[in-house]
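The following explanation examines the surroundings of a ligand and then turns to one of the helices that contribute to them.

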Amino acid sequence: MKEVDVARRRVLIMSGVAVVSTLACTATVVLGTQVPAVPFTHSTCGPEGAKRVLVAYGSQYGSTGEISQAIADRLCARGLSADVRRVQEAGDPSDYDAVVLGSAVQGGKWLPSALAYLEEHAAVLNRLPLAAFCVHMIYLDDSEESAAKRSAYLDAVYASVTPTTEGFFAGKLGPMRLPGRLALQWVGLPEGDLRDWDAIAAWADAVFPDLA
Ligand SMILES: Cc1cc2nc3c(=O)[nH]c(=O)nc-3n(C[C@H](O)[C@H](O)[C@H](O)COP(=O)(O)O)c2cc1C
């Protein structure tokens, strides 16, 4: 295939992905929400006087907060102190020795709240040990294509900061109210709780030395 045809095909695919993602987000917001919503995790663990880690997350429905809690539990079990906060409540990261920052993915990127936090605090986040993670429902398999697609979820993150480690976790979607469910099925987003708690714990164990 000619170079110009390949480029045209790429542009078409990228436009298709953007249109489908935008339609999914709009349809979900307009037509229906997830039931029930999980409360947003807000907690502190670990011994006093230990190195302090902020585990901040962007979430719409709560599943990313529960993943953040699992990461914090693991770090605290290894002797760190961790605050788990939704980005809206995370505050200034310069109070901490290290940061774990993650977000649910919607429309192929981090939630606006998480990106806003990242941009506002980029200077501090670039000075501290920083591990970043995404929570998402598609492109979960080991193929090169999926790896490239999920890696692109972090493009906007790398525009502001350079994490020492990155992680990608299967998330949770639904149950949705019917119209929202149809919208998500239409764009190929599966419903269900796909979270792999062993994989999340293993990632936390692996990033621990960078944060300690
Ligand atoms: C409107 C909407 C758009 C989504 N877009 C994507 C996406 O582009 N790629 C993906 O892998 N997952 C996508 N997801 C799945 C979420 O990332 C996943 O359900 C995540 O666990 C939600 O986290 P939360 O419960 O913390 O909000 C989308 C979910 C919703 C509701």
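How many nonpolar, polar and charged residues does the shell around the ligand have? In this predicted model, the shell has eleven nonpolar residues, twelve polar residues and one charged residue. There are 24 residues around the ligand, and those that come nearest are Ser-59, Thr-64, Ala-104, His-136 and Gly-171.

Several elements of secondary structure supply this shell. At least two residues each are provided by helix H1 (3-31), helix H2 (63-77), strand S4 (98-106), strand S6 (130-136) and strand S8 (172-173). Helix H1 accounts for the largest share, with four residues.

Helix H2 is mostly covered, since eleven of its 15 residues are buried. Among the buried residues of H2 are Ser-63, Thr-64, Gly-65, Glu-66, Ile-67 and Ser-68, as well as Ile-71, Ala-72, Arg-74, Leu-75 and Cys-76. Thr-64 also belongs to the residues that come nearest to the ligand.

Ala-77 likewise has its place in helix H2. The C-alpha atom of Ala-77 is separated by 9.9 Å from that of Asp-205, a residue 128 residues apart from it along the chain. Helix H2 is followed by Gly-79, which has a positive phi, near 105 degrees.

Conventions. Residues are numbered from 1 along each chain as its sequence is written. This is a predicted model: local features need pLDDT of at least 70, side-chain atom pairs count only at pLDDT 80 or more; totals for chains, interfaces and linings use all residues. A residue is near a molecule or strand if its C-beta atom, placed from the backbone, lies within 6 Å of it. Ala, Val, Leu, Ile, Met, Phe, Trp, Tyr, Cys and Pro count as nonpolar, Asp, Glu, Lys and Arg as charged, and the others, Gly among them, as polar. A residue is buried if 20 or more other C-beta atoms lie within 10 Å of its own, exposed if 12 or fewer, and partly exposed in between; C-beta atoms are placed from the backbone.
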